[in-house]
Amino acid sequence: MQPSDVKALLEARVSGCEFHIQGEGCNFQVVAVGEAFEGLSPVKRQQLIYSALSEEIASGALHAVSIKTYTPAQWQNATEDTRA
């Protein structure tokens, strides 16, 4: 799989989020930003993304997925911190 494949799957299955994908083969890093994460615990946020990729993980097309999730406000703060 390519990062663009993972991004397309997530965009089709999780609405209202922006995805940034890095990786290759079957190992990917996912950064997801969206209002969907508002009020969710870190575990629930991870489960939302894992469930969207469950078929690919079960089939072995995806082996290792690292996930970071942000609300838009958290993302803005995180990206501002990296520019400072």
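Helices (H or I, at least four residues) and strands (E, at least two) are DSSP runs, numbered from the N terminus. On that basis, the protein chain reads α-β-β-α-α-β-α along the sequence. The radius of gyration, taken over C-alpha atoms, is set against a globule rule of 2.2 Å times the number of residues to the power 0.38. The protein chain has a radius of gyration of 13 Å, close to the 12 Å that the rule gives for 84 residues, so it is as compact as a globular protein of that length.

This is a predicted model: local features need pLDDT of at least 70, side-chain atom pairs count only at pLDDT 80 or more, and totals for chains, interfaces and linings use all residues. Residues are numbered from 1 along each chain as its sequence is written, and side-chain values use heavy atoms, with hydrogens and water left out.

**Overall build**

- The protein chain holds four helices and three strands.
- Its C-alpha trace spans about 40 × 25 × 20 Å along the principal axes.
- Contact means heavy atoms within 4.5 Å. Of the contacts in the protein chain with a separation of 6 or more, 54% join residues 24 or more positions apart.

**Surface and burial**

- Accessible areas come from the Shrake-Rupley method with a 1.4 Å probe; for residues, only the protein chains shown count as cover. The protein chain exposes about 5,100 Å², and carbon and sulfur atoms supply 50% of that area.
- Buried means under 20% relative accessible area, exposed over 50%, and partly exposed in between (1.4 Å probe, protein chains only). Buried residues make up 31% of the 84 residues.

**Charge and the salt bridge**

- Lys and Arg count as positive and Asp and Glu as negative; His and the chain ends are not counted. A charge is placed at NZ of Lys, CZ of Arg, CG of Asp or CD of Glu.
- The protein chain carries 6 positive and 10 negative side chains, and the centres of the two sets lie 4 Å apart.
- Side chains of opposite charge can pair when their charged atoms come close.
- A salt bridge is a side-chain nitrogen of Lys or Arg within 4 Å of a carboxyl oxygen of Asp or Glu. A search of the whole structure finds one.
- The partners are Arg 13 and Glu 56, whose closest N and O atoms are 2.8 Å apart. Arg 13 lies in helix H1 (residues 3–13) and Glu 56 in helix H3 (residues 54–59), so the pair ties together parts that are 43 residues apart in sequence.
- Arg 13 is partly exposed, at 36% relative accessible area. Glu 56 is buried, at 10%.

**Helix H3**

- Glu 56 is found in this helix. Leaving out residues up to four places away in sequence, Glu 56 touches Met 1, Leu 9, Arg 13, Ala 61 and Leu 62.
- Ile 57 also sits in helix H3. Ile 57 is partly exposed, with 30% relative accessibility.
- With residues up to four places away again left out, Ile 57 touches Tyr 50 and Leu 62.
- Ile 57 and Cys 26 are 31 residues apart along the chain, and their C-alpha atoms are separated by 9.1 Å.

- Gln 47 has its place in helix H2 (residues 42–52). Gln 47 is partly exposed, with a relative accessible area of 42%.
- From Gln 47 to Phe 28 the C-alpha distance is 16 Å, across 19 residues of sequence.
- Gln 76 belongs to helix H4 (residues 72–83). Gln 76 counts as partly exposed, at 45% relative accessibility.
- The C-alpha atoms of Gln 76 and Gln 22 are separated by 20 Å, and the two residues are 54 residues apart along the chain.
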